[in-house]
Amino acid sequence: MASLYTARQPDGQGRIHYTDEEHGTWRILIARQLAALDGKACDEYQAGLARLDLPLDRIPQLGEINAALMPATGWSVAAVPALISFDHFFALLADRRFPVATFIRRRDELDYLQEPDIFHEIFGHCAMLTNPAFAHFTHLYGRLGLHASKEERVYLARLYWFTVEFGLLQGEEGLRIYGGGILSSIGETAYALSGKPELQPFDLLEILRTPYRIDIMQPTYFVLPRLDTLYGLEGQGIMAAVAEARRLGLRPPRFAPVAGKQAS
């Protein structure tokens with residue numbers, strides 16, 4: 001799909017200049033999301049957020065994020081257009097560089113945006129990239145995707161969706177959120193822990209066989225027993241599971257299909 005947004009380009013010193021309106025949007029988003037996540041985000045995310053020390057009054061510069069990420073896990077962020085190819089996406093992750101689209105949503109799309117903006121990428125994802133287990137898994141995922149076939153990438157996309165984007169974690173004090181798609185969404189934050197969606201234990205093969213839609217609240221979430229479980233996933237095992245998932249086929253979707261489209 002074509003993007004409705006244009007990414008901001010850095011100047012000669014690497015700084016991106018945003019308008020007062022855009023900084024104001026960041027202030028609204030971060031203030032309400034911090035309040036919404038109280039008691040719901042996992043400890044690892046909260047620790048990462050403290051390490052990032054994100055400004056509350058303005059959109060941070062990417063160099064500020066890199067200054068926190070690099071010493072923690074060797075990761076950095078890379079400015080990208082609003083939408084990038086799968087080849088570019090996987091290549092960046094394989095190089096421990098997380099893509100960040102350098103635009104922020106309009107005020108009329110505060111609650112939901114189909115394409116990822118800078119708030120989603122930085123607030124939702126970058127705090128978790130300070131965690132070694134999560135950073136290791138994301139790097140592994142990028143390396144696998146970079147060398148995967150087009151058909152294999154379709155299955156790998158489900159793994160990313162149900163972990164990096166919409167993963168839940170069984171914390172010491174109960175169910176907690178670690179997926180950036182939930183952490184950056186006011187609606188999904190409330191919904192994910194409401195008791196309404198189906199919760200399944202983390203199962204690699206089931207994840208690869210579970211369809212999803214990007215434009216609805218998720219009917220199913222997969223729950224990690226602990227974040228270090230991600231260390232146990234290795235490339236050979238993931239790709240063997242992809243082959244098995246392709247052989248077995250998808251589970252029936254738990255949502256209505258979009259007219260004229262198939263579930264992912």
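In what follows, Ala, Val, Leu, Ile, Met, Phe, Trp, Tyr, Cys and Pro count as nonpolar, Asp, Glu, Lys and Arg as charged, and the others, Gly among them, as polar. The model is predicted, so to speak of a local feature requires pLDDT of at least 70, side-chain atom pairs count only at pLDDT 80 or more, and totals for chains, interfaces and linings use all residues. Residues are numbered from 1 along each chain as its sequence is written, and side-chain values use heavy atoms, leaving out hydrogens and water.

The lining (residues with an atom within 4 Å of a point) has 13 residues, and D43, E44, L169, G171 and E172 lie nearest the centre. By class, the lining has three nonpolar, three polar and seven charged residues. Helices (H or I, at least four residues) and strands (E, at least two) are DSSP runs, numbered from the N terminus.

Now turn to helix α5 (residues 118–126), whose axis comes within 13 Å of that of α3 (residues 62–73), crossing at roughly 15°. Axes here are lines fitted to C-alpha atoms over the stretch in contact, with angles from 0 to 180 degrees between N-to-C directions. That makes α3 roughly parallel to α5, the term for angles under 35 degrees. In contact (heavy atoms within 4.5 Å) are L62, I65 and L69 of α3 with I118, I122 and C126 of α5. These divide into six nonpolar, no polar and no charged residues.

Helix α5 also meets α1 (residues 20–36), their axes coming within 11 Å and crossing at roughly 35°. Here W26, L29, I30, Q33 and L34 of α1 touch I118, F119, I122 and F123 of α5. The classes are eight nonpolar, one polar and no charged.

Finally, look at α4 (residues 86–94) and α6 (residues 132–147), which pack at about 135° with axes 7 Å apart. That makes α4 oblique to α6. From α4, D87, F89, F90, A91, L93 and A94 meet T138, H139, Y141, G142, R143, G145 and L146 of α6. This contact has seven nonpolar, four polar and two charged residues.

Conventions
Angles under 35 degrees count as roughly parallel, over 145 as roughly antiparallel, 65 to 115 as roughly perpendicular and the rest as oblique. On a 1 Å grid over the protein atoms alone, a cavity is a set of points where a 1.4 Å probe fits but cannot get out, and a pocket is an open set with protein on both sides within 12 Å along at least five of seven lines; lining residues have an atom within 4 Å of a point.
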